[in-house]
Amino acid sequence: MALLNRMDWYDLARSTNWTPSYVSDGELFPAELSGDYGLPQGAWEKYDEPYKQTYPEYVKVQREKDAGAYSVKAALERSRIFENADPGWKSVMKAHYGAIARGEYAAASAEARMMRFSPAPGMRNMATLGCLDEIRHGQMQLYFPHEHVSKDRQMDWAFKAYDTNEWAMIAARHFFDDIMMTRDAISVSIMLTFSFETGFTNMQFLGLAADAAEAGDHTFANLISSIQTDESRHAQIGGPALKILIENGKKEEAQRRVDIAVWGAWKLFSVLTGPIMDYYTPLEHRKQSFKEFMEEWIVAQFERALTDMGLELPWYWEQFLADLGETHHGMHLGSYYWRPTVWWNPAAGVTPQERAWLEEKYPGWNDTWGQCWDVIIDNVVDGNMAKAYPETLPYVCNMCQLPILGTPGKKWNVKDYPLEYKGRLYHFGSEVDRWVFQQEPERYAGHLSIVDRFLAGMIQPMDLSGALQYMNIAPGECGDDAHNYAWAEVYRAMRAQRNAG
Amino acid sequence: MALFPLTSNFEGDFVLQLVPVDTENTMDEVAAAAAVHSVGRRVRARPGCILRVRRQGADDFLPRTMKVVEAGFMPTETVEIIWEAAPH
Ligand SMILES: [Fe+2]
Ligand SMILES: [Fe+2]
């Protein structure tokens, strides 16, 4: 029997919709799960995805993708790339797998919500494939690191991270819970696929793949580029939904969801992707600075995606552009200084050559973050290690759950953005984080940040050992300097020379 | 006498930090408690300077001998710790 051509049946199959008779429409598509935008069903039936793929086509293509990525891994398994990799590169992999792998699996459940509850039949079809994509991403990014678990306990965090109260994981969960686990299907399509995936996963997966290829880690480079080919397809789920909302007078609701999700994604990337691109990746393997990647992927491309859609740039865009050159330097300094509380070993990334690179990419770096690093370097050179570790908690934001920070040194601009709500004092890291809270205070008000938990006595004993226990960081897992401070030798030599001269 | 949490925004440092003080502490003692977590860690000491405390956004420092209990802070309120040339 001859098969029909895809386009002879695709439209009909896609728009085939249920006409419920035993239950009401409201029972079939409850507002909490399907969205409550007051649009007639006919409006959603106009949903037209730009990327059309049938299930048989999907299976064929995915099989080839899997075969490609798995065969590269198998071929390189004995190459000892991991054993011989720079410790900074190992930290890139550990941070990536921990923060991403199980989040992918959670994303499968968000895709499943669109697959079942979206009022748009076309979206249900695309999300079916998207759900399978995310299961694949979860599985691969657990399977690939698994070969390293026996060599390095921190690699176990690829699986373990999401089950812990480690501070960066509280931040990641808070964000993903907000944009994909607790929103209706239409909001998920806007916040997860359009805002987060179109803009930001591109950046993590393509930017990092470029650095991985430079570093000679072809297994990792292939893995994450293979994943990105799925992302760039299912990231297109949100666009047609936005179009329908805008055409039906719901631009304001759509815009607000974009603005909330883009900001949260930015904060998460500033702590995850910023440090690994500008500090952990060995200098000779850096393709572009984090800011350059962001400007290419987010500013140039995502800006166009927004305006093509008929949306405005988020109201905070000027602030965002300014922060591109600042926030992640603080996130790096923070995760380095509080390094016992992360599951990877941060690379300091501040040798004289690296500082010259930072100064070139971020003029003024030496007069700002460099001033803080000068003190840290002195302590390391002097062997004054007690002062090179923290003795209290950084104050974290009640929205992004990340340290509240700014530019230090000669351009000191650190500021708290407080808000009193129902008798409780909340702290935010920016005007935007506070604005997100104010959009729907009851949604966020009950959450306790790690500092709130500490003050509530939930972390015992109230010291580093208690904190590590609370964060599930076992002995042998807590972070320390990636290179065991070998980078400080050059400063020791410089000082000896100065003293001799 | 009671433990009281404040948030320190220390001039020249990059991050806000939790600083537990006592309600009976003076502003000079609050500044000293905050300095423990910034000076010599990420901020250089400034010889010839003392540290003053002010509310975020305020122009005036709180009196050096004022006690925490008298300042009327909310728990975890952010205070700025600012370098000032030492009086002669
Ligand atoms: Fe994914
Ligand atoms: Fe995805």
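What follows is a short chat about metals, strands and salt bridges.

Modeller: Ground rules first: this is a predicted model, where local features need pLDDT of at least 70, side-chain atom pairs count only at pLDDT 80 or more, and totals for chains, interfaces and linings use all residues. Residues are numbered from 1 along each chain as its sequence is written, chains are lettered from A and ligands numbered from 1 in the order in which they are written, and side-chain values use heavy atoms, with hydrogens and water left out.

Biologist: Which residues coordinate the iron ion (ligand 1)?

Modeller: Donors are N, O and S atoms within 2.8 Å of the metal (3.2 Å for Na, K and Ca); water is not among the atoms, so sites may look incomplete. Along the chain the donors follow the spacing E-x29-E-x2-H-x93-E. At 1.9 to 2.2 Å, the coordinating residues are E104(A), E134(A), H137(A) and E231(A).

Biologist: What is the geometry of the site of the iron ion (ligand 1)?

Modeller: Four donors count as tetrahedral if all angles lie between 85 and 135 degrees; four count as square planar and six as octahedral if opposite donors are over 155 degrees apart and all others between 65 and 115; anything else is irregular. Here the angles among the four donor atoms are 87 to 153°, so the site is irregular.

Biologist: Which residue coordinates both the iron ion (ligand 1) and the iron ion (ligand 2)?

Modeller: The two ions are 3.2 Å apart. The residue that coordinates both is E134(A).

Biologist: Are E104(A) and H137(A) buried or exposed?

Modeller: Buried means under 20% relative accessible area, exposed over 50%, and partly exposed in between (1.4 Å probe, protein chains only). By that rule, both E104(A) and H137(A) are buried.

Biologist: Over in chain B, why is strand β1 largely enclosed by the rest of the structure?

Modeller: Helices (H or I, at least four residues) and strands (E, at least two) are DSSP runs, numbered from the N terminus. β1(B) covers residues 3–10. It is largely enclosed because, of its eight residues, the number buried is seven.

Biologist: Which strand runs antiparallel to β1(B)?

Modeller: Two strands pair if DSSP finds at least two bridges between them. β1(B) also pairs in the parallel sense with β4(B) (residues 78–85), over four bridges. Six bridges join β1(B) to its antiparallel partner, residues 17–22, and that is β2(B).

Biologist: Which residue in the hairpin of β1(B) and β2(B) takes a positive phi?

Modeller: There are six residues between the strands of this hairpin. With a phi near 95°, the residue is G12(B).

Biologist: How many salt bridges are there over all chains?

Modeller: A salt bridge here is a side-chain nitrogen of Lys or Arg within 4 Å of a carboxyl oxygen of Asp or Glu. Counted over all chains, the total is 42.

Biologist: Which residue forms a salt bridge with K160(A)?

Modeller: The closest N and O atoms are 2.8 Å apart in this pair. K160(A) lies in helix α9 (residues 157–160) and its partner in the loop between α23 and α24 of chain A, so the pair ties together parts that are 317 residues apart in sequence. K160(A) is buried at 18% relative accessible area. The partner, buried at 1%, is E477(A).

Biologist: And E442(A) with K422(A): are they buried or exposed?

Modeller: Their closest N and O atoms are 2.9 Å apart. Both E442(A) and K422(A) are exposed.
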